[in-house]
Amino acid sequence: MNRSIPPDTPDHPFARQPRFDPMPRFSANLGFLWPDRPLIERIDAAARAGFKAVEFHYPYATPAEALREACARNGVRILGINTDIGAGATGHRGLAAVPGREADFEALANQAITYCHAVGGTAVHVMAGLVADEDRAAAADVLVANLRKATARAAEHGLTILLEPLNPRDMPGYFYSRVEQAAEIIDRVEARNLKLMFDMYHVGACQGDVLTRMREQFGRIGHVQIAAVPSRAEPDEGEIAYGRVLRTLDGLGYDGWVGAEYLPRSGTDEGLVWLQSLGMSL
């Protein structure tokens with residue numbers, strides 16, 4: 001035995017090794033998966049495929065009672081939803097950081113929190129919106145003030161608020177594109193139920209070095225999502241070695257869900273072979 005290696009390091013032969021089962025746990029993002037059918041039928045399809053949790057983008061056209069009943073019938077948990085994108089000129093992507101739209105954002109936040117609580121969900125991703133460069137400083141202050149109110153309302157129902165930077169190739173003009181920008185907002189708000197949505201696709205497409213950033217931001221992460229970079233297809237192709245990345249996430253002690261938020265290459269069911277490719281399962 002090499003006695004120069006402390007016994008509490010991963011390289012020591014008697015060190016506790018990271019657990020790979022049953023983590024990570026995958027949830028189906030039904031904003032993208034099974035796009036060829038109505039939302040309730042997507043829930044049925046996710047359950048048949050073996051998913052034990054689902055998440056949504058904008059499910060508001062479906063009555064909350066119907067959504068909750070469909071998930072209960074299929075034995076799947078409901079995770080997060082997005083705030084709606086907001087009315088107005090074409091291209092709005094939320095209003096949380098848009099100066100002058102504070103009242104409109106409050107209505108969207110209340111809608112999302114009420115709906116998420118009614119369906120038995122756990123988190124609301126607050127969409128920040130499109131902001132001109134010259135308005136960014138004011139927008140940051142608006143976002144912090146809006147989030148202080150939204151997190152307080154969400155906490156009354158035991159809900160988490162999530163912030164997700166979006167890469168500028170897919171979402172030009174969005175308020176933030178880098179995880180460090182969202183982390184700065186989280187630290188300013190100082191709410192225990194405000195967390196980072198660490199979407200590895202957006203991090204990879206905008207910044208790269210996913211493993212380093214995941215480690216640096218781990219204490220702020222409330223949810224994780226995955227897709228291939230640059231295609232946003234199943235995560236068994238592209239630039240990110242997801243087998244290694246997800247095992248590293250597990251080794252860090254992540255006990256949440258990993259959202260499968262990708263655009264299927266063809267049929268969703270056929271594309272689920274990516275799990276076997278990564279040596280994982282549902």
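This is a predicted model: local features need pLDDT of at least 70, side-chain atom pairs count only at pLDDT 80 or more; totals for chains, interfaces and linings use all residues.
Residues are numbered from 1 along each chain as its sequence is written, and side-chain values use heavy atoms, with hydrogens and water left out. Helices (H or I, at least four residues) and strands (E, at least two) are DSSP runs, numbered from the N terminus.

- Helix α4 covers residues 136–156, and its 21 residues should span 30 Å at 1.5 Å a residue, which agrees with end C-alpha atoms 30 Å apart; the expected span is 1.5 Å times one less than the number of residues.
- Ala139, Ala140, Val142, Leu143, Val144, Asn146, Leu147, Ala150, Thr151, Arg153 and Ala154 are the buried residues of α4, where buried means under 20% relative accessible area, exposed over 50% and partly exposed in between (1.4 Å probe, protein chains only).
- These buried residues pack against α3 (102–119), β6 (160–163), α5 and β7 (194–199), with contact meaning heavy atoms within 4.5 Å.
- The axes of α4 and α5 are 9 Å apart and the angle is about 55°; axes are lines fitted to C-alpha atoms, for helices over the stretch in contact, and angles run from 0 to 180 degrees between N-to-C directions.
- α4 and α5 are therefore oblique to each other, since angles under 35 degrees count as roughly parallel, over 145 as roughly antiparallel, 65 to 115 as roughly perpendicular and the rest as oblique.
- On the α4 side, Arg136, Ala140, Asp141, Leu143, Val144, Leu147, Arg148 and Thr151 meet Gln181, Ile185, Arg188 and Val189 of α5.
- That contact of α4 with α5 divides into six nonpolar, two polar and four charged residues; Ala, Val, Leu, Ile, Met, Phe, Trp, Tyr, Cys and Pro count as nonpolar, Asp, Glu, Lys and Arg as charged, and the others, Gly among them, as polar.

**Helix α7 and its two neighbours**

- Helix α5 (residues 179–189) and helix α7 (residues 210–217) have axes that come within 11 Å and cross at roughly 5°, so they are roughly parallel.
- Val179, Glu180 and Ala183 of α5 meet Arg213, Glu216 and Gln217 of α7, a contact with two nonpolar, one polar and three charged residues.
- α7 also packs with helix α8 (residues 242–251), at an angle of about 15° and with axes 11 Å apart, which makes α7 roughly parallel to α8.
- Here Val210, Leu211, Met214 and Arg215 of α7 touch Arg244, Val245, Thr248 and Leu249 of α8, giving five nonpolar, one polar and two charged residues.

**Backbone spots worth a look**

- Most residues other than glycine have a negative phi, and most peptide bonds are trans.
- Glu190, in the loop between α5 and β7, has a positive phi of about 60° and is exposed, with a relative accessible area of 70%.
- Asp209, in the loop between α6 (200–206) and α7, has a positive phi of about 50° and is partly exposed at 48% relative accessible area.
- Val229 and Pro230 are joined by a cis peptide bond with omega about 10°, and Pro230 sits in the loop between β8 (221–226) and α8.
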